[in-house]
Amino acid sequence: MAYDADVIVIGAGLAGLAAAAELADAGRKVILLDQEPEQNLGGQAHWSFGGLFFVDSPEQRRMRVKDSHALALQDWMGTAAFDREEDHWPRKWAEAYVDFAAGEKRAWLHDMGVRFFPVVGWAERGGYDAQGHGNSVPRFHITWGTGPGLVAPFERRVRQAAANGLVDLRFRHRVTGLGRSAGSVDTVTGEILVPSEAERGTPSSREVAGEFELRAQAVIITSGGIGGNHDLVRRNWPKRLGKAPEKMLSGVPAHVDGLMLGVAEDAGARLINRDRMWHYTEGIDNWNPIWPKHAIRILPGPSSLWLDARGRRLPAPLWPGYDTLGTLEHIMRSGHEYTWFVLNQRIIGKEFALSGSEQNPDLTGKSVRDVLQRGRQPVPGPVKAFMDKGADFVVENNLSALVRGMNALTEEPLIDEADLRRLVEARDRETANPFTKDLQITAIHGARAYLGDKLIRTVAPHPILDPKAGPLIAVRLNIMTRKTLGGLETDLSSRVLTETGDPLPGVYAAGETAGFGGGGVHGYRSLEGTFLGGCLFSGRTAGRAAAKAL
Ligand SMILES: Cc1cc2nc3c(=O)[nH]c(=O)nc-3n(C[C@H](O)[C@H](O)[C@H](O)COP(=O)(O)OP(=O)(O)OC[C@H]3O[C@@H](n4cnc5c(N)ncnc54)[C@H](O)[C@@H]3O)c2cc1C
């Protein structure tokens with residue numbers, strides 16, 4: 001039977017686009033399938049903030065950050081904490097990925113026209129020792145144009161290849177089976193879904209209009225993770241975190257359904273580290289949702305007080321932006337699934353960034369004027385919209401009213417005003433000197449020693465109750481799903497492996513579906529900004545390896 005293409009790529013997100021572009025560059029014919037309509041091209045990456053992990057970049061050097069490959073590898077390994085037999089390939093991918101991030105990654109993207117915001121962000125700071133979790137230095141580089149700015153060159157390459165007859169884009173094709181003949185997986189079957197006008201990111205119909213069967217010499221799976229499928233998240237919830245939360249919001253669109261992982265397993269692929277996931281603990285209900293249970297993640301600076309549902313301070317170093325997984329573990333033990341930030345307008349104005357392209361119209365629209373304007377306002381427009389309309393926000397001029405508002409938002413009134421007042425006043429007394437016994441305030445002083453934080457991300461320590469810095473704000477924080485850290489086990493050529501450790505003939509995987517490389521390049525935790533780059537690196541590797549193998 002004749003082949004319909006050299007390679008079939010399943011999933012037109014960033015990883016699929018990167019793989020297809022490389023295949024086309026090598027002169028291979030590709031069919032790129034996606035279950036969603038064309039307006040969804042780019043998948044999650046379109047919605048992303050475009051944060052990228054680089055090591056020792058010109059942006060870091062301009063901000064007086066001294067970074068190195070050795071320091072980044074130390075941070076990655078301390079953060080990943082690989083400890084399983086199945087971490088063999090993930091660990092090798094981690095080493096290769098740090099090489100890429102410290103090597104050709106930035107120049108490769110720069111040559112394609114991608115540019116970066118000059119101030120580098122400092123995500124996941126850790127707060128333990130030098131060998132523990134976290135970024136020792138700022139490494140989160142925001143793409144100028146955010147997610148869409150990163151997708152653009154890859155979309156351009158794929159559309160050009162389509163115009164040249166090398167790539168055949170087929171939307172509304174939902175893969176449900178992989179078949180073999182002569183030992184190699186070469187058949188892709190599935191359903192053709194009815195046409196859909198659903199806007200990008202919104203759920204599209206699953207009504208079936210027909211079936212398809214296509215054949216190629218190789219198949220690359222780039223179908224994304226499981227974060228939009230809460231049943232799968234619950235089923236794979238890590239035992240060490242106890243029971244999955246009753247209430248979870250979604251940080252990803254519904255197409256991140258994880259169903260293709262089961263299809264790959266049925267065909268013989270090995271799925272590893274399925275209990276490793278990267279959920280955020282600073283999720284707020286989107287007042288203007290695009291997808292079901294749409295949550296926005298706050299990317300917080302370090303100054304907000306982080307309190308559990310009873311108003312008790314989270315222990316050091318569980319401060320905003322330090323240790324996502326450690327905070328989640330703490331919350332799951334606390335008996336309540338939500339927590340609180342307590343802060344004031346001065347802090348929110350400088351320290352709240354919201355993740356997502358649509359929450360950053362200035363950066364997404366590449367408007368220098370609007371970016372400068374952001375710094376001139378007391379609170380940036382998208383954050384102000386949440387203060388005014390967000391279901392999780394309480395804004396009041398005094399602490400009594402704030403506590404009343406907090407208690408009115410929850411089923412039980414768990415915040416005691418007198419206790420909270422004592423806590424905040426004690427914390428505020430610690431801001432009078434440039435030194436203090438309060439470790440969070442010490443951390444704020446430390447953050448401001450970094451030029452980028454001092455300029456745009458971290459306010460000087462001051463009393464939260466200072467009326468000049470008001471009004472007071474409380475934000476209820478929810479657990480929200482986002483990234484899948486485990487996935488299909490792959491070797492360094494992105495070949496999918498079976499239970500025996502041998503390659504599953506003809507099958508490659510990349511992006512979130514492959515745990516961003518190897519079946520879990522991040523181990524237990526991420527240094528942030530590592531997912532988009534992981535899609536690009538593993539997608540490029542899969543495309544090049546498949547092209548070479550044909
Ligand atoms: C709001 C937001 C902000 C983010 N910010 C950042 C950031 O700043 N930095 C960072 O590194 N990462 C960020 N991420 C994460 C990053 O965007 C994703 O991990 C990455 O884009 C995943 O790309 P992918 O190609 O692997 O999968 P996806 O983008 O999920 O694409 C997979 C595609 O496969 C299709 N598909 C699935 N199953 C099938 C099937 N059976 N048949 C046919 N098609 C199928 C889907 O429809 C989809 O189009 C963010 C994510 C979001 C949502």
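**Ligand shell and helix contacts**

Reply: Sorted by class, the shell around the ligand holds 16 nonpolar, 21 polar and five charged residues. Here Ala, Val, Leu, Ile, Met, Phe, Trp, Tyr, Cys and Pro count as nonpolar, Asp, Glu, Lys and Arg as charged, and the others, Gly among them, as polar. The model is predicted: local features need pLDDT of at least 70, side-chain atom pairs count only at pLDDT 80 or more, and totals for chains, interfaces and linings use all residues. Residues are numbered from 1 along each chain as its sequence is written.

Me: How many residues surround the ligand?

Reply: A residue is near a molecule if its C-beta atom, placed from the backbone, lies within 6 Å of it. The closest to the ligand are Gly11, Gly13, Gly43, Gly224 and Gly511. The number of residues surrounding the ligand is 42.

Me: Are α15 and α16 parallel, antiparallel, perpendicular or oblique to each other?

Reply: The axes (lines fitted to C-alpha atoms over the stretch in contact, with angles from 0 to 180 degrees between N-to-C directions) of helix α15 (residues 399–409) and helix α16 (residues 417–429) cross at roughly 125°. Helices are DSSP runs (H or I, at least four residues), numbered from the N terminus. Angles under 35 degrees count as roughly parallel, over 145 as roughly antiparallel, 65 to 115 as roughly perpendicular and the rest as oblique. The two helices are therefore oblique.

Me: Which residues of α5 meet α4?

Reply: Residues are in contact if their C-beta atoms, placed from the backbone, lie within 7 Å. From α4 come His69, Ala72, Leu73, Trp76 and Ala80. Their partners in α5 are Ala94, Val98, Ala101 and Ala102.

How values were computed: Two residues are in contact if their C-beta atoms, placed from the backbone, lie within 7 Å.
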